[in-house]
Amino acid sequence: MLYIASVFRHHSQPLVSAPAETAVLALLLAEGPLSRVELARRTGLSSTAVTKAARPLIDDGYLYELPPERTAPGAGRPVYPLSVAPDREYFIGLKISSDELFGAVCDLRAGIRATAVRPLGTCAPEDVAVLVAELVDELLDVEPAFRDRTRHLGVAVNGDVDRDSGRLRHSGLLGWKDVPLAELLAAATGLRVTVENDVRALTVAEHWFGEGIGTGYFALVTIGSGIGSALVVNGHLLRGAHGVAGEVGHICVDPAGPRCRCGARGCVEAIGSTDAILAAVRRAAANPRLTFHEVVEMAREGHPEARDAFARAGRAIGVGIAALVNLVGPERVVVSGEGVDAYDLFSRHIQEAYSTHAFGAASRCPLSLRPLPWEEWARGGAAVAIQALFPQPAATSAIGAG
């Protein structure tokens, strides 16, 4: 088991619990530095309440005052903006794929400080836990401060995750079912572990520290071997009663379309995923050995079957995103995932279908392309770990190792 400095080892409660402290720290994490006056305006608290909420965080080293500044020439008493001390605490973010582990050490504002990758020779959960412990050890050894100031591990993993219990209920990609992943990794690393679906973890990172900063309603859609999506509604990640809210990949856009791996027909994923595009071109070209890279090159060279497959995919994705926007009305939608490397082949079709099917003022919601490398998925895990500093709704919590 890894050694964790005693100052953090038994700190199992959220860093902040009072609503005022929560509001002040969350706003400074995403948008600081800010003056107390601006914090009061943005949170609806009084200046006195802001000062009272900030004091223990300043005393504990999480916040600090910047040098004084005047708001305008000749203005009265100078203001002292508050800022987050990003090096006060570090977080390990982990992305588990089918064949590799991607790890990152992030600071308090989700800035990536170190990364590491390890191949997965086996997908057995117990063997993965051993490799995770080795990867975490490697990352913590990069700088002495990492080991002294790290107590949380956030895990981004494909599949159906019960975040409250830390169990991975099912992952077709990994072949796992009902795995107590948080418990396994907490025992292996000595860290407090929070597990989240990988697309939702990426959405948390984008909402708190990326394209979604300052939005109350935000959506992220990923294009890859599947079509993933997640929603932020009224500032909170939406899971729904059964943990599968916002699954744009399984909106039906063609009842007579191809069979989806979920068992239904005509889902966005069955038409728009990279696997679906590859399967369609292989059938059309009567060549089962084609790779997705080859299909992309065929489309760029003008091969009609390949171009048609990307056009159909784009239309399906655009209709799915429009349905999502019509239902929820996000302020921004980010489109990402490994499939965006071929975005030039279906971007026009996505935009046209989206514009056609988005209703009224909802169509003003912009679609933003944001290619994200695997390190950003690990950063998503770290962002979920940073959330553990805050009280979680509905008893959601991290699993501790003692």
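A20, E21, V24 and L25 in helix α2 meet V50, A53, P56 and L57 in helix α4. Contact here means heavy atoms within 4.5 Å. By class, this contact has seven nonpolar residues, one charged residue and no polar ones. Ala, Val, Leu, Ile, Met, Phe, Trp, Tyr, Cys and Pro count as nonpolar; Asp, Glu, Lys and Arg count as charged; the others, Gly among them, count as polar.

The model is predicted: local features need pLDDT of at least 70, side-chain atom pairs count only at pLDDT 80 or more, and totals for chains, interfaces and linings use all residues. Residues are numbered from 1 along each chain as its sequence is written, and side-chain values use heavy atoms, with hydrogens and water left out. Helices (H or I, at least four residues) and strands (E, at least two) are DSSP runs, numbered from the N terminus.

Two packed helices are described by the angle between their axes and the distance between the axes. Helix α2 spans residues 19-31 and helix α4 spans residues 47-59. Their axes lie 9 Å apart, at an angle of about 75°. Axes are lines fitted to C-alpha atoms, for helices over the stretch in contact, and angles run from 0 to 180 degrees between N-to-C directions. Helices α2 and α4 are therefore roughly perpendicular to each other. Angles of 65 to 115 degrees count as roughly perpendicular, under 35 as roughly parallel, over 145 as roughly antiparallel and the rest as oblique.

Backbone geometry was examined next. Most residues other than glycine have a negative phi, and most peptide bonds are trans. The peptide bond from G32 to P33 is cis, with omega near 0°. P33 lies in the loop between α2 and α3 (36-43). A110 has a positive phi, near 65°. This residue sits in the loop between β4 (100-106) and β5 (112-119). A110 counts as buried, at 1% relative accessibility. Buried means under 20% relative accessible area, exposed over 50%, and partly exposed in between (1.4 Å probe, protein chains only). Phi of A286 is also positive, near 50°. A286 is found in the loop between α10 and α11. At 67% relative accessibility, A286 counts as exposed.

A search of the whole structure finds eight aromatic pairs. Rings of Phe, Tyr and Trp (its six-membered ring) pair if their centres lie within 6.5 Å; planes under 30 degrees apart count as stacked, over 60 as edge-to-face and the rest as tilted. Y90 and F146 form an edge-to-face pair, 4.8 Å centre to centre, with 70° between the planes. This pair links distant parts of the chain, 56 residues apart: Y90 is in strand β3 (residues 90-96) and F146 is in helix α6 (residues 144-148). Y90 is buried, with a relative accessible area of 3%. F146 is buried at 0%.

F292 and F310 form a tilted pair, 6.1 Å centre to centre, with 55° between the planes. F292 lies in helix α11 (residues 292-300) and F310 in helix α12 (residues 304-328), 18 residues apart. F292 counts as partly exposed at 24% relative accessibility, whereas F310 is buried at 0%. Ring pairs link F292, F310, Y343 and F346 into a cluster.

Three further residues complete the survey. W176 is in strand β9 (residues 176-179). W176 is buried, with a relative accessible area of 3%. Leaving aside neighbours within four places in sequence, W176 is in contact with C123, A124, P125, V128, L168, R169, H170, S171 and L181. The C-alpha atoms of W176 and P125 are separated by 7.8 Å, although the two residues are 51 residues apart along the chain. The W176 side chain reaches the backbone oxygen of C123 at 2.5 Å. Such a polar contact is a pair of N or O atoms within 3.5 Å; within protein, one must be able to donate a hydrogen and the other to accept it, and residues adjacent in sequence count only if both atoms are side-chain atoms.

S273 lies in the loop between α9 (268-272) and α10 (274-285). S273 is buried, with a relative accessible area of 2%. The S273 side chain reaches the backbone nitrogen of A276 at 3.1 Å. Beyond four places in sequence, S273 is in contact with G224, S225, G226, I227 and V268. H349 lies in helix α13 (residues 343-357) and is buried at 13%. Not counting residues up to four places away, H349 touches A311, G314 and R315.
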